[in-house]
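Please look over the sequence and the model below before reading on. The paragraphs after it go through selected elements in turn.

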Amino acid sequence: MIGQAFQQLKEAGVLGINNRNAEYIMRYNPRSLYPLVDNKVLTKRLAKQYGIPTPVLFHVIENYGSMKNLKTMLEDIKEFVVKPASGSGGSGIILIAERTRNVFLTQSKKVVTLEYLSYHISDILSGIFSLQGHEDHAIIESLIHPDQVFSAVTYQGVPDVRIIVYRGVPVMAMVRLPTKDSDGKANLHRGAIGAGIELGTGQTITAVHKSKIVTHHPDTGNPVSGLQVPHWDTMLSIATLATDMTGLGYIGVDIVIDRDRGPVLLELNARPGLAIQMANKSGLLKRLEDVDAAPDGIFTTPEKRIAWAKENL
Amino acid sequence: MKRPAVLLALGLLILTAVLLLYRIIGLGYPVLPASTGQAFHFKFDGHIKSDGGDTTLSVALPSERPGLIISEEYFGSGSLSFNLFRKESGRYGVWIGQTGRDGEIVSYRAMILMRSPGTAKPKSPVLEKYPPLTNKDEQTAAEKITERLKLLPLPERIETILKLMEDSGSRPPELTFFKFMEGRYSQSTLLLTLFRAALIPARVVDGVRLTEGIVTKPLTWIEAWNGQTWEGLSIDGKETLKDQATLLALTVDGTPVVHVAGGKINDTRWDINRQIVGQWRHNYEHISRSERFLDRWSLFRLPTEFQQTFRILLLVPIGALLICILRNIIGFPTFGIFMPVLMALSFRNTGLIYGLSIFAGVILVGYAARRFLDRLRLLLVPRMSVLLTLVIVCFTLLALFGNKFGLRQVMAVGLLPFVILVMTIERFFVVVEEHGIRTALQTSAGSAAVAFITYLIISSETLQLTFFIYPELLLSIGALQILIGRYTGYRLSELFRFREFRDPS
């Protein structure tokens with residue numbers, strides 16, 4: 001019974017977590033390179049060298065001492081995001097969309113004070129949101145204004161596109177759509193919808209919500225499949241460059257589409273989750289094996305890798 | 001890529017096997033060290049008081065025979081002199097002397113080790129005389145009754161006599177005989193007379209039952225020779241004893257177990273305790289005297305005060321293996337990686353029920369406190385420290401109340417890993433916030449379950465002994481851990497997670 005179930009998953013080319021860790025992450029992602037993706041300040045710096053746009057960095061708060069200048073730091077900024085430099089899973093992020101002098105309004109219309117913000121930043125500094133619980137830095141960066149393309153299928157928050165890149169080849173992609181359940185966050189385990197994207201065309205195919213296949217957004221009621229992701233080719237090149245820029249062979253690239261700036265690299269992930277397989281209703285393992293079987297010639301330039309992926313995956 | 005790991009694991013397994021074989025075949029270690037025998041702590045105590053002059057007390061003691069080893073004997077004689085006599089019927093401890101006005105306590109202690117008797121068969125006994133009280137006429141009458149039985153094989157002869165005893169002789173000649181005999185003698189004398197008449201060797205045995213407990217009188221039963229072995233019978237001859245293996249004979253010829261002349265003995269008691277510790281001692285004595293290579297490097301050579309720690313320590317990797325299986329093959333989350341193992345270790349101080357209650361209580365109280373602390377906006381490290389202080393204050397109060405109301409167990413918190421508990425509170429809080437209370441409770445239940453199973457494992461004396469004698473078993477545990485480390489197949493939980501892919505549609 002169980003053996004048969006295992007066989008079915010294998011035949012569907014599903015990548016399991018043990019296999020991902022042992023055969024892909026451990027083999028292709030050297031530990032020494034992790035800081036490049038775990039620390040968003042480093043990621044931003046690197047992206048800049050490669051000409052990849054990221055949210056504008058206003059301030060980095062590195063210690064409790066510099067927090068007393070918080071008020072002056074925020075003086076000229078109308079809207080901004082506070083996040084941990086080494087956060088994971090979207091925790092510890094506050095989006096400020098409006099403000100008066102001392103009162104701030106988050107994107108989900110919650111009123112917070114400057115005092116609250118500084119408490120939150122000291123939490124970030126103490127490392128409560130960081131991956132290993134080490135002391136962390138807080139980032140204050142520009143707020144993203146999501147492109148209207150997904151507004152019909154988004155409940156608050158910012159939808160983002162996750163592309164898995166293996167050995168420089170984009171292998172699978174999805175767009176993550178916030179819902180009421182996910183509290184406007186684009187994280188699948190918090191209840192966001194993940195809609196698979198066809199690599200060749202950039203159109204959404206199926207979608208998954210709380211590990212069930214769905215066709216419509218639960219809050220807005222609009223269909224989530226058949227949507228064209230704008231700037232698709234640009235996104236693929238950003239994703240593909242992420243490997244060249246970090247040296248990580250198995251990576252998740254998160255991109256948001258800003259109304260004004262177009263695709264912006266939000267963050268990189270050295271241990272991308274497996275739920276993307278459900279969003280695409282397609283197994284990752286099969287695609288990874290296809291990449292391994294691809295002719296050596298395709299790996300020479302990013303353009304060739306993208307072309308091969310659009311053709312074959 | 002998998003080959004080196006699998007080869008290493010295989011190598012470790014082979015090394016384990018080689019070392020095990022060497023110890024078992026080369027050094028003659030027991031294959032199943034904890035189950036080939038049982039050990040009992042045998043205690044006899046009595047209070048003796050002289051009538052005025054010298055008193056002689058004779059007490060039958062257990063004696064060695066195939067399958068039964070006696071070690072660590074100790075005699076307490078007070079002001080009396082003590083001697084040990086060995087007779088045909090058994091061993092006797094004899095205390096002689098004059099006690100004070102308040103009498104003396106005499107005592108005997110021994111460790112009895114029961115092992116498989118092997119192939120040694122008991123000697124065929126000679127036919128004894130008739131029970132001394134009976135006269136010639138009675139003996140002739142008994143012979144007449146049993147005349148026809150002499151042609152039957154021994155086991156059936158015994159069976160027929162037991163049947164006769166049960167019916168008290170239903171036919172006239174037998175009836176008269178039984179009527180007459182039952183009037184004059186005890187059931188056991190009657191039974192022995194019949195056995196003797198039918199030429200079956202039989203004897204009265206006095207002894208104790210080798211089960212946990214205290215008795216104030218020895219037990220008497222009858223044994224009849226069935227050609228192969230002694231068959232135990234109840235003293236009235238009405239039934240065969242099915243649990244004869246648990247009986248320890250002290251005298252076998254009707255001699256009383258305790259005999260006193262010139263005084264009185266009170267408060268006799270036999271206290272029997274089953275002990276696995278005796279096994280330790282037995283192996284210890286065997287190994288610490290040997291000069292063979294692995295014996296010299298045995299853990300039994302460590303100073304005794306450190307041995308206790310290693311007994312437990314050697315089993316901790318099994319707990320870790322369990323967590324490997326749970327997390328990587330089943331896919332069930334626990335708080336922290338080794339938190340359940342630490343919990344299990346702390347259960348050794350607290351006991352299981354109280355330990356699990358602590359776990360539940362601390363999480364509950366800690367969670368409430370953590371919710372409240374959230375409003376105070378304390379920084380991470382001081383906040384955790386506050387929780388730690390709070391938890392320790394709670395335990396201190398509990399211990400004080402426990403002392404007041406005589407609840408010993410609530411004071412026995414020992415070196416419970418409080419710090420780990422506080423980390424768990426923090427983890428629990430984060431899991432509740434991020435994944436909901438359901439997931440948090442599931443994870444707690446999983447952690448408690450692993451702690452429970454690990455506790456059972458590390459408290460198993462059998463496993464402790466086995467790993468202590470064969471520490472190389474750790475290599476095979478390591479091998480299994482390596483194999484799980486290279487298990488890249490699906491987790492059981494993924495069958496559920498990716499169930500959409502298993503759907504034929």
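This is a predicted model: local features need pLDDT of at least 70, side-chain atom pairs count only at pLDDT 80 or more; totals for chains, interfaces and linings use all residues.

Residues are numbered from 1 along each chain as its sequence is written, and chains are lettered from A and ligands numbered from 1 in the order in which they are written.

Start with strand β3 (residues 94–99) of chain A, which runs antiparallel to strand β4 (residues 103–106) of chain A and is joined to it by three bridges. Strands here are DSSP runs of E with at least two residues, helices are runs of H or I with at least four, and both are numbered from the N terminus; two strands pair if DSSP finds at least two bridges between them. β3(A) and β4(A) form a hairpin with three residues between them, and Arg99(A) stands opposite Phe104(A). Phe104(A) also stands opposite Val112(A) in β5(A). Strand β5 (residues 111–113) of chain A pairs with β4(A) in the antiparallel sense over three bridges. The hairpin of β4(A) and β5(A) has four residues between the strands, and Lys109(A) takes a positive phi near 65° in it.

Further along chain A, seven strands form an open antiparallel sheet in the order β11-β10-β9-β8-β7-β12-β13. Its edge strands, each pairing on one side only, are β11 (212–214) and β13 (262–269) of chain A. Within this sheet, neighbouring strands are turned by 30° against each other on average, direction ignored. Angles are taken between axes, which are lines fitted to C-alpha atoms (for helices over the stretch in contact), and run from 0 to 180 degrees between N-to-C directions. One of the pairings joins β9 (residues 193–197) and β10 (residues 204–209) of chain A over four bridges, with Thr204(A) as the bridge partner of Ile197(A).

In chain B, helix α10 (residues 339–350) and helix α11 (residues 352–376) pack at an angle of about 125°, with their axes 7 Å apart. That angle makes α10(B) oblique to α11(B); angles under 35 degrees count as roughly parallel, over 145 as roughly antiparallel, 65 to 115 as roughly perpendicular and the rest as oblique. Met343(B), Ser346(B), Phe347(B) and Thr350(B) in α10(B) meet residues of α11(B), including Ile358(B) and Phe359(B).

Finally, 19 residues of chain B are in contact with 25 residues of chain A, contact meaning C-beta atoms, placed from the backbone, within 7 Å. On the chain B side, α12 (380–404), α17 (492–497) and α18 (499–502) each supply at least two residues.

How values were computed: Two residues are in contact if their C-beta atoms, placed from the backbone, lie within 7 Å.
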